[in-house]
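Here's a quick briefing to read with the model open on your screen. It covers the ligand site, then the strands.

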Amino acid sequence: MTDQSSWSDPDNWARMQVEKILETGTTEGVDVQGMPIVLLTLRGARSGKVRHTPVMRVEHCGRYAVVASKSGAAEHPVWYHNITAHPEIQLQDGAETRTFVAREVDGAERAKWWDHAVKAYPAYAEYQARTGRRIPVLVLEPR
Ligand SMILES: C[C@H](OP(=O)(O)OC[C@@H](O)[C@@H](O)[C@@H](O)Cn1c2nc(=O)[nH]c(=O)c-2cc2ccc(O)cc21)C(=O)N[C@@H](CCC(=O)N[C@@H](CCC(=O)O)C(=O)O)C(=O)O
């Protein structure tokens, strides 16, 4: 039985969703308010350790982007340092895991992907409104 407090703590929530995906072998049925997520497998920027990070599924014409929003916190999520230090990553969508190289985007390309992201998960717009930090958007190029 999951005690309520574990679901209210976002870090615990993420950990529990990672566990479920690793246990079941798929991201199917693991979501945020009905919106799908994907699972990133990253390398720790300093430790080189394997790190699993769930993020919202932002996909357009077979390409993915990831948004380092951290709910609009003033600082980047730690995983942003991981993905920029080691940009070759794995992304699991459903039961399929593929390798990508992450590239932070700017200008018109960022604006286009930001629109896709907000369509996939409208809360991103609220997160950006609540912080002076410009939320990084990274496009994943298939390896
Ligand atoms: C708590 C902390 O998390 P974080 O990396 O700051 O990321 C915070 C959140 O963004 C992260 O929990 C996301 O998964 C939350 N999250 C989303 N976060 C987002 O930013 N964007 C999303 O779209 C998103 C969606 C989402 C969907 C489901 C869900 O369950 C969570 C979701 C963390 O994992 N800390 C580790 C970091 C370990 C680590 O990576 N260490 C590095 C050092 C890195 C360094 O400091 O340079 C290393 O090993 O080298 C620790 O303290 O042990």
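What follows is a short tour of the ligand's surroundings and of how the strands pair up.

Keep in mind that this is a predicted model. The ligand takes up the space of the largest pocket, and 25 residues sit around the ligand.

**Who surrounds the ligand**

- Out of those 25 residues, the ones that come nearest are Gln17, Arg46, Ser47, Arg51 and Tyr124.
- Sorted by class, the shell has 14 nonpolar residues, with 7 polar and 4 charged ones making up the rest.

- Tyr124 has a polar side-chain atom 2.5 Å from a ligand oxygen.
- Arg51 also reaches an oxygen atom of the ligand, with a polar side-chain atom 2.8 Å away.
- For Trp13, an N or O atom of the side chain is 3.3 Å from a ligand oxygen.
- How much of the ligand does the protein cover? On its own the ligand has 1,000 Å² of accessible area, and the protein covers 74% of that.

- β1 (residues 31–32) and β2 (residues 35–43) run antiparallel and are joined by 2 bridges.
- Val32 has Met35 of β2 as its bridge partner.
- There are 2 residues between these strands, and in the turn Gln33 has a positive phi of about 50 degrees.

- If you want a landmark here, look for Ile37, which stands opposite Met56 in β3.

**β2 and β6**

- β2 also pairs with strand β6 (residues 88–93), with 3 bridges in the antiparallel sense.
- Which residue of β6 is the bridge partner of Leu39? That's Gln92.

**Reading the strands**

- When you look along a regular strand, expect side chains to alternate between the two faces of the sheet.

Technical notes
Residues are numbered from 1 along each chain as its sequence is written. This is a predicted model: local features need pLDDT of at least 70, side-chain atom pairs count only at pLDDT 80 or more; totals for chains, interfaces and linings use all residues. Side-chain values use heavy atoms; hydrogens and water are left out. A residue is near a molecule or strand if one of its heavy atoms lies within 4 Å of it. A polar contact is a pair of N or O atoms within 3.5 Å; within protein, one must be able to donate a hydrogen and the other to accept it, and residues adjacent in sequence count only if both atoms are side-chain atoms. Accessible areas come from the Shrake-Rupley method with a 1.4 Å probe; for residues, only the protein chains shown count as cover. On a 1 Å grid over the protein atoms alone, a cavity is a set of points where a 1.4 Å probe fits but cannot get out, and a pocket is an open set with protein on both sides within 12 Å along at least five of seven lines; lining residues have an atom within 4 Å of a point. A molecule sits in a cavity or pocket if more than half of its atoms lie within 2 Å of its grid points. Ala, Val, Leu, Ile, Met, Phe, Trp, Tyr, Cys and Pro count as nonpolar, Asp, Glu, Lys and Arg as charged, and the others, Gly among them, as polar. Two strands pair if DSSP finds at least two bridges between them. Helices (H or I, at least four residues) and strands (E, at least two) are DSSP runs, numbered from the N terminus.
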